[in-house]
Every structure is written in C-alpha cells, then in structure tokens.
Amino acid sequence: MNPLKSTFKTLCRGALLGAAVTLGLAGTAQAHFGMVIPSSDMVLEKGEANLNITFAFAHPMEMQGMPMEQPTVRIKDAGADKDLSKTLKATTFLGQKAWTAAYHVERPGVYQIIMEPRPYWEPAENCYIVHYTKVYVAAYGEETGWARPAGLKTEIVPLTRPFGNYAGNVFQGQVLLDGKPVAGCDVEVEYYNKDKAFKAPNPYMTTQVVKTDANGVFTYVAPFAGWWGFAALNTSPDKMVHQGSHKNVELGAVLWTRFVDPVKAQ
C-alpha cells in the first residue's frame with residue numbers, strides 16, 4: 001500500500017475516534033438538577049427573615065436552564081408543614097421558565113423547603129425525570145431535627161449538618177427510596193456556578209460522581225465555597241406513557257447545601 005495513503009487512513013481513524021470521544025465526553029456533562037435556592041440558608045436576625053426562594057431545573061455548573069412547569073412546593077419544620085404552591089410566581093432562570101416564592105421565617109427552627117416537580121420528558125435520555133428536591137434553612141440559633149427524613153418518595157437525609165459548613169468540610173448523606181437505604185447508587189454532584197465564576201477544565205470535571213455504600217451513605221468534600229447540589233439517581237419500577245410507548249422514569253433525590261469560606265479577623 002502507498003505509505004502516504006496508509007498514513008492518511010490512520011489520521012482519519014484517529015480523527016473519527018477523537019470525535020467519538022468528544023461526543024461521549026459531552027454527554028457526561030449533561031447532568032440534570034432540580035434546584036431550590038433560598039436567599040439565605042441561615043437566618044440569624046429579623047432583618048434576614050424574609051426569604052426569596054428560587055425553584056428551577058438546570059445544568060448548574062454549565063449554567064444552562066431547562067423549562068419547568070409549576071411544581072408542588074412546601075416548607076416544613078418540627079411544628080408545621082405548609083403548602084407554598086399557590087404562592088408561587090412565574091419567573092425565568094437562565095433564560096427558562098422557573099418559579100419563585102417568598103416566605104417569612106417567624107420562629108426558631110430548622111426548615112425543609114421541598115419541591116416536587118411535574119415529570120419532565122428528556123428526549124436525549126428517552127425517559128421522564130422527576131427530581132424531589134430540598135434545601136434546609138436554620139433560623140435563630142435552632143439546629144435540631146435536620147437529620148429527620150421528610151417522608152418523600154426518594155430523598156437524601158443529611159448525616160452532616162446541612163448548614164454552617166466551611167468549604168473543605170466532609171459532607172455525608174444517606175439516600176432513601178421508599179424509606180429504605182439504596183446501596184450502590186450513583187450520586188451526581190455539581191456546583192451552582194453563579195456568575196460563571198469557574199470553568200471546568202474538561203467535560204469530566206463538570207459533574208462529580210460518587211456511589212453510596214452498603215448503607216446508602218455517600219461522602220463528598222466540597223473544594224470551594226458556594227451552593228453544591230447532590231442528586232441521587234434511581235429508576236422507578238413504574239413507567240409512564242409517552243406518545244403511546246411506556247418509558248422509564250428517573251427518580252432523583254436532590255439536596256442543596258451551601259459551604260462558606262471563613263471570615264478573617266480584623
């Protein structure tokens with residue numbers, strides 16, 4: 001064979017392989033996250049008591065939004081479980097339909113803000129996605145009850161206090177499905193890259209992935225300050241119909257928590 005032709009074929013094969021790898025890597029970057037982000041996760045005084053809460057669906061590290069129909073939203077603590085769904089107002093988040101709500105924190109407590117969205121059809125994955133999403137807000141010095149499950153279809157129960165953590169702290173959570181721990185479950189981790197402050201050096205770095213152990217427990221260390229989301233993914237045994245065909249349903253248990261930098265003494 002002509003050596004020049006042989007070299008050309010080798011280069012073509014390399015280019016095709018490189019394109020395939022690039023496409024494969026691009027696929028790894030498309031992690032979905034339900035998002036519940038309050039204006040503050042710690043209320044220390046009356047001036048911070050009026051929370052503004054954003055409810056959205058997005059790729060948070062890449063800052064790409066997806067449309068979300070009106071979800072069901074509630075806020076609960078040890079003494080109350082209040083439905084906020086009727087108070088939601090339509091807004092946009094990363095250029096896509098999202099929702100917002102206001103809530104006034106009146107008394108000490110640890111509040112769980114919980115969102116259950118309508119099923120989202122994802123053509124790229126040929127399935128529906130339902131992410132049960134929650135965040136914790138601690139108020140006026142109270143910090144009991146944060147390890148109490150909310151009783152969701154699937155959820156992450158924090159084993160590390162889900163507020164008041166420094167960047168670099170170890171964070172642990174337990175994944176529950178129908179109230180039972182899920183072993184060997186993938187947990188995707190992404191940073192809410194607000195203002196696009198960071199750039200992933202390559203697609204593998206966009207979404208971090210850890211697995212749960214035999215007791216459904218995962219461990220992660222947040223490398224820098226900000227909001228971090230944890231999404232534990234399982235497939236529902238029940239299917240949903242899309243255009244006459246039965247499709248899988250991805251059940252996501254999503255937890256958001258904020259890590260902060262220490263403040264230097266003056």
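**Strands, pairs and cores**

Author: A58 stands opposite G65 in β4. The model is a predicted one, in which local features need pLDDT of at least 70 and side-chain atom pairs pLDDT 80 or more, while totals for chains, interfaces and linings use all residues. Residues are numbered from 1 along each chain as its sequence is written, and side-chain values use heavy atoms, with hydrogens and water left out.

Reader: Why is β3 called largely enclosed by the rest of the structure?

Author: Buried means under 20% relative accessible area, exposed over 50%, and partly exposed in between, with a 1.4 Å probe and protein chains only. Of the 10 residues of β3, 7 are buried, so the strand is largely enclosed. For the protein chain of 266 residues, the buried share is 46%.

Reader: What makes the largest set of 41 residues a nonpolar core?

Author: A nonpolar core is a set of buried Ala, Val, Leu, Ile, Met, Phe, Trp, Tyr and Cys residues joined through side-chain atoms within 4.5 Å. In the largest one, M35, F55, I113, Y192 and W256 touch the most other members. At least two residues each come from several strands, including β1 (33–38), β5 (72–77) and β9 (109–116). The most, 6 residues, come from β3. Another core lies apart from this one and has 25 residues, among them M61, A138, A200 and V210.

Reader: How do you know which strands pair with β21, and in what sense?

Author: Bridge counts settle it. β11 (residues 127–139) and β21 (residues 245–260) run parallel over 9 bridges, with T133 opposite V254. β13 (residues 165–166) is also parallel to β21, over 2 bridges, and there N165 stands opposite F259. β19 (residues 226–235) is antiparallel to β21 over 10 bridges, where L233 has G252 as its bridge partner. β20 (residues 240–242) is antiparallel to β21 over 3 bridges; H242 stands opposite S245. β20 and β21 form a hairpin with 2 residues between them, and Q243 in the turn has a positive phi of about 50 degrees.

Reader: What links F171, Y191 and F259 into a cluster?

Author: Ring pairs do, and the cluster also takes in F198, F218, Y220, F224, W228 and F230. Rings of Phe, Tyr and Trp (its six-membered ring) pair if their centres lie within 6.5 Å; planes under 30 degrees apart count as stacked, over 60 as edge-to-face and the rest as tilted. The whole structure has 15 aromatic pairs.

Definitions and conventions: Two strands pair if DSSP finds at least two bridges between them. Helices (H or I, at least four residues) and strands (E, at least two) are DSSP runs, numbered from the N terminus.
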